[in-house]
Amino acid sequence: MSRQKGVKEENAIPDSSVDPKGETGRIHIYEGEGKGKTTAAVGLAVRFAGTGGNVLFTQFLKRNDSGELKILVRLPKVELILCKQNFGFTFQMTPEKKQEAAACYSRHLSRALEAAKQMEGRSLLVLDEIMAAYNQNMVKRQELLDFLRKKPQNLEIVMTGRNPAPELSALADYITVMEKKKHPFDEGVPARQGIEW
């Protein structure tokens, strides 16, 4: 079906990549013991890209084979920056491995923040599981704090993970807590592909 110039398609999604109000981007935290922190961040990334915004999505302390990455990489307006190495769970790391992981994740964070500074128009940065990396000293804390305090005006930021540090919570505009009331994991059911990862 062809479209005529100047005629708006009935179901077309408006391009709102430029905010005429010049609204400042906000900082979101998805935290808590319950499932859904990454799921919510991915959902917001899809919504943001669907309205014409640019999305930069990155993860910490996770493997690079989860379902959300496989679909996000296919979406226009979404860029992934992934850590090339997987170090496993922090509680299983030797002190030497922790030091190596911290150096790698610190470089990873620096790369993501630098890329976010270069984004144009309405932009969204997702730092998935940054709370664990921050709490375990796997990233340079001051670098993240400085970035959040001086972030580009056009940039919306989402951070996920359990137990956000008070200084991160103080900088947030939105804090959403995922509360676990019941989960199959409590009955010994392992994480399921497509649901938990």
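Which residue in β5 is the bridge partner of Ile27? In β5, that partner is Ile157. The model is predicted: local features require pLDDT of at least 70, side-chain atom pairs count only at pLDDT 80 or more, and totals for chains, interfaces and linings use all residues. Residues are numbered from 1 along each chain as its sequence is written, and side-chain values use heavy atoms, with hydrogens and water left out.

**Overall architecture**

- The protein contains six helices and six strands, where helices (H or I, at least four residues) and strands (E, at least two) are DSSP runs numbered from the N terminus.
- Read from the N terminus, the order of elements is β-α-β-α-β-α-β-α-α-β-α-β.
- Of the 197 residues in the protein, 41% are buried; buried denotes under 20% relative accessible area, exposed over 50%, and partly exposed the range in between (1.4 Å probe, protein chains only).
- Of the contacts between residues at least 6 apart in sequence, 75% join residues at least 24 apart, a contact being heavy atoms within 4.5 Å.

**The sheet**

- The six strands form an open sheet with parallel pairing, in the order β3-β2-β4-β5-β1-β6.
- Its edge strands are β3 (78–81) and β6, each of which pairs on one side only; two strands pair if DSSP finds at least two bridges between them.
- From one strand to the next, the twist averages 15 degrees.

- Strand β1 spans residues 27–31, and five of its five residues are buried.
- Both of its faces are covered, with Ile27, Ile29 and Glu31 on one side and His28 and Tyr30 on the other.
- Four bridges connect β1 with β5 (residues 155–160), and these two strands run parallel.
- Strand β6 (residues 174–177) is likewise joined to β1 by four bridges, in parallel.
- Within β6, Thr176 is the bridge partner of Tyr30, and Val177 is the bridge partner of Glu31.

**Helices against the sheet**

- Helix α1 (residues 37–50) lies across β1, β2 (54–59), β3, β4 (123–128) and β5, and runs at about 165 degrees to β4.
- Helix α3 lies across β2, β3, β4 and β5, at about 175 degrees to β2.
- For these angles, axes are lines fitted to C-alpha atoms, for helices over the stretch in contact, and values run from 0 to 180 degrees between N-to-C directions.

**Packing of α3 with α5**

- Helices α3 (residues 95–117) and α5 (residues 141–149) pack at an angle of about 15 degrees, and their axes are 10 Å apart.
- The two helices are therefore roughly parallel to each other; angles under 35 degrees count as roughly parallel, over 145 as roughly antiparallel, 65 to 115 as roughly perpendicular and the rest as oblique.
- The crossing of α3 and α5 is left-handed, a term that applies if the near helix is turned anticlockwise from the far one by less than a right angle, whereas clockwise gives right-handed.
- On the α3 side, Ser106, Leu109, Ser110, Leu113, Ala116 and Lys117 meet Glu143, Leu144 and Phe147 of α5.
- By class, this contact comprises five nonpolar, two polar and two charged residues, with Ala, Val, Leu, Ile, Met, Phe, Trp, Tyr, Cys and Pro counted as nonpolar, Asp, Glu, Lys and Arg as charged, and the others, Gly among them, as polar.

**Buried polar and charged sites**

- Ser123 is located in strand β4 and is buried, with a relative accessible area of 0%.
- Leaving aside residues up to four places away in sequence, Ser123 touches Phe48, Asn54, Asn154, Leu155 and Glu156.
- Glu68 belongs to helix α2 and is buried at a relative accessible area of 15%.
- The C-alpha atoms of Glu68 and Val42 are separated by 7.1 Å, although the two residues are 26 residues apart along the chain.
- With residues up to four places away in sequence not counted, Glu68 touches Thr38, Val42, Gln59 and Lys62.

**Positive phi values in loops**

- Lys77, in the loop between α2 (67–72) and β3, has a phi near 75 degrees, a positive value in a residue other than glycine.
- Because its relative accessibility is 40%, Lys77 counts as partly exposed.
- Asn163, in the loop between β5 and α6 (166–171), has a phi near 50 degrees, again positive in a residue other than glycine.
- Asn163 is exposed, with a relative accessible area of 54%.
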